[in-house]
Structure formats: structure tokens, C-alpha cells
Amino acid sequence: MELKNVKIPEGEFMEMREEVLKQWPTGKDVDLEEAIEYHKSMPKKRQFPDKLTEAKKSGKTLIQPRAGVPLIDEHIKLLQYLEKEGEADLLPTTIDSYTRQNRYEEAENGIAESQRLGRALMNGFPAVNHGVANCRKVIESVNIPVQVRHGTPDARLLTEITYAGGFTSYEGGGISYNLPYCKDVPMEQTIRDWQYVDRLTGLYQEMGVTINREPYGPLTGTLVPPCISHAVAIIEALLAAEQGVKHVTVGYGQCGNLVQDIAAVRTLEALTEEYLEKYGYEDVVVTTVLHQWMGGFPADEAKAFGVISIGSLIAGLSKATKVIVKTPHEAIGIPTMEANAQGLRCTKQVVSTVADQDFMDRNLDREMEIISQETRCIVDKCFELGEGDIALGAVRGVEAGVIDIPFAPCRANAGKMLPCRNNEGAVRMLNTGNVPFTKDLIDFHREQIEERGKYEGRQVSFQMVIDDIYAIGKGRLVGRPRG
């Protein structure tokens, strides 16, 4: 059957559910009607969509960490610490790598070994193995909403378990959890699997329970031009809306240039609402998330706080609905809960300080217009390639290099578009590849990079890209040669 952006019929979906729930023994504990009643009984303080909607209305930026450990009691201890000592507004449950690859037997062994040795031997929380009742223990242990964050190409069983377990927000999508994460998984497969996730979300919605869905914004997190991540977010929002999702958070990973990053967050919300309305999804609530710097961090903690503070400033001035917070241990590895809380408090301080301030810059409107034009070029071309169907258009768009994510490991990704920074540190394209820009936009990117080459007294080349990748960790934005 050809892939289409069409709502899965309920009878067909229920047949699919029977097979999905058999993938691991904990699936037998999922009872949809009982789960709906559980969600309806949850206090408002634990409802992710409600808190995001309130923040959007008031212009407040909420703070949220990344966090997850394998054992239930330790995970609860971690989340309670981040709520109290970190002053988090929202909490995560980051899922482990075994679960992300549907390797539940190995996850079971990881839990047992973590218990035996008394320390975490996994990089997250294996929610499928822990099952519905234990997920509810996590949800009920804190007083603020909790989201599932992961990186799973086939997240169907994980969604079933965690939704029944009381989680009210869920990250990921068929493009954003394929191209940046996988090598050989076909795009058609991940989009189908994520149509299931969104149909389940829509089914909860039809039964009176709103669950927030969040496409993964940063993608590879390395020199991703805003128009690329925007296009993916918009397409995944459209795919989710068709399956009945009514509450979407679209994301963007900080690139480092103040004007470009603020312009990106502001245009992301407006463009997503524009396309949802254009294609008939007028009742979807759209909020935004800024991901703090996803690239290399300085090992010096004081310098790391500087990087965190810049991301916090951008989140606050752009009026992002929430910000995903980094820690001063990013260069070292998995942070302690104390370091995680420090990153949160640092972010809250900056966000609170600029809460009543507006950002004005003579280049802001121009940057917003550039991002908007570029994004529309990509999304509209995907609709054209799909002959009006955005699911098919997304697959064909990746095949054609219309959607081209820099440094993605997926074989399907074209890898022809090459990004680097202009003279002010904004991310531009050294080579636009097959990204379907107008001649004016292609000329704009070429001129921006050539201007930098003249300033630095060197030829425009791939070396600029390499220099830019390592620049932040060395205390600068544009990777200019020194000496």
C-alpha cells in the first residue's frame, strides 16, 4: 500500500494495536479505556498541554532538563531533585538506547545489572520493561508534568506503555527520529510507524484526553540551517494533525547567532500555524521549544555556563514557550543531578531577567523574511513532489535532496547541502545542493559566504565548515583561523 497522509481507520488501527502490544509482555497491561480514565483523574498540575498553553498565553518561557536513569527509585529521586533543587517547570523521562532500538531483552539485562551493581549501566529509563504501573509511579512522584524524550524510529509500543502510564507529552517524528539517528531504516517505514503514534494520540484526543506531541527540532544539532529544521517540524506537525493530534510543540536547536536564533523561533510558530491553517487543521495549538546549544561544549564549567546563558537569553528574548536546558558537564558525559540542577537554575535566572524585555534589531525582520522564504520553498516543493500528499512528499523530498540534513548518518539523506557561517556567525549554505531555493536565495547565500572569505583573506572552502563545527568549544562562534 502506497504511503499517504490519511487518517488510519479505527478498525485497521485496532488490528495493528493487537500486534504492537504483543511485542513485549508489559503490553498486556495496556487497557485503553482504563488509561483514559486515569488521565482524566490526573490533577491539572501534571498536564503538559495545559501548562504549555498557559505559558503561551502569558508569554512565559518554561524550563525543562534532559534526564533519565534505569532504576525506578533512582529515576524518581532524580526527577524530584530537578523539580525541587533545579526549579524545573517541566520534567523529562529520557529513554535508554536499548529501548530506542526495541531491544527489550537487553534492556531487561541492563536493569538487572544496574540493580546488582548499584549503579546506572544504561543511559536512560527503560519504560517498556518497567511497564504501565511503574510509569505511573514516576508520574505520581512529582508535582509537575513529565514528557517522554527518546530517539526511537519505531516507538509504537513505547507510546502505548507511556501513554497508559500517564505521560502527557511525547517527543519525536518519522523524519526527525530517522535521518539524524538511523543508517538504513526506510523513510516510508518510520513515517508509517509514527502515523501509528499520532493516531494513538488522536484516539486519546477523541476520548477527551489531550496529549502534547513534539517533533524533534535540532536534528543532527550541527550547523542546521533554520529552514531545514523548520520544514521538518512543519511536515511532522501536518502528519500529526491528520491523525487527530491537537497540541503540537515545534522545536529549534540554537545555532549561535542572536538575531538568527530569535528570528528562527518566532518564524517557526508563525509558519507552523500558517501551514496547519492552509491545509485545514485550524484547531491545533502550536507552542515552541528552543534547544540550547547541541554542539561541542567547553570542558571548563565556568565557560560552559556562559554557553548555557547565551541559549537562555535567546529562549527568553524569542519568547519560546519552553527551553531544553544543558548542563555544565556536557563536555564530560552524563551529568550529575547536581550539575543538571545548576544548568536549570542558571537558565531560570536569565529567562526571568529578560521576561519583560523585547528584542529589537534592524536585521531581525530581514532574517525572519529570509527564513520564511526558504522554509516555504522546501515545504511547498515537498507537497509538489507528493502530488499534494505531504507523507509521500516527505519521502520523495528526502530522496531528491529537497530535505537535506547536514551530517546525518542515514543513507537516504542526500548530504549535498553544506552549511557554514557568514561573517556574523549566522548559518548559511556553502553549497545549497538540491534544496529548492529561488535564484535570489541561492545568490544571497553565495554572497554571504564570499563576504566572509574576503574578510578572512582565504578561499571559500570546506575547511570553513570544519572550523565552524569546532568553534564554540574553543570560545568563538565563527571558526576563523588565528595567527
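Which residue's side chain meets that of R156 in a salt bridge? The views below come from a predicted model.

**View 1. Salt bridge between R156 and D193.** The answer is D193, with N and O 3.6 Å apart. R156 belongs to helix α8 (residues 156-164) and D193 to helix α9 (residues 187-206), so the contact ties together parts 37 residues apart in sequence. Both R156 and D193 are buried.

**View 2. Salt bridge between R452 and D468.** The closest N and O atoms of this pair are 2.8 Å apart. R452 sits in helix α16 (residues 439-456) and D468 in helix α17, 16 residues apart. R452 counts as buried because its relative accessibility is 0%, and D468 counts as buried at 1%. Through salt bridges with shared partners, R452, E456, R458, D467 and D468 form one network.

**View 3. Salt bridge between E273 and K56.** The N to O distance here is 3.0 Å. E273 is in helix α11 (residues 258-278) and K56 in helix α3 (residues 48-58), so the pair ties together parts 217 residues apart in sequence. E273 is partly exposed, with a relative accessible area of 33%; K56 is also partly exposed, at 30%. The model has 34 salt bridges in total.

**View 4. Nonpolar surface patch at F462, I466 and Y470.** These residues make a patch of about 300 Å². I466 lies in helix α17 (residues 462-471) and counts as partly exposed because its relative accessibility is 30%.

**View 5. K77 and V138.** K77 is in helix α4 (residues 72-84) and is partly exposed, at 44% relative accessibility.

Technical notes:
Residues are numbered from 1 along each chain as its sequence is written. This is a predicted model: local features need pLDDT of at least 70, side-chain atom pairs count only at pLDDT 80 or more; totals for chains, interfaces and linings use all residues. Side-chain values use heavy atoms; hydrogens and water are left out. Patches are made of residues with over 30% relative accessible area and no salt bridge: like charges are joined within 9 Å, nonpolar side chains (Val, Leu, Ile, Met, Phe, Trp, Tyr) within 5 Å. Accessible areas come from the Shrake-Rupley method with a 1.4 Å probe; for residues, only the protein chains shown count as cover. A salt bridge is a side-chain nitrogen of Lys or Arg within 4 Å of a carboxyl oxygen of Asp or Glu. Helices (H or I, at least four residues) and strands (E, at least two) are DSSP runs, numbered from the N terminus. Buried means under 20% relative accessible area, exposed over 50%, partly exposed in between (1.4 Å probe, protein chains only).
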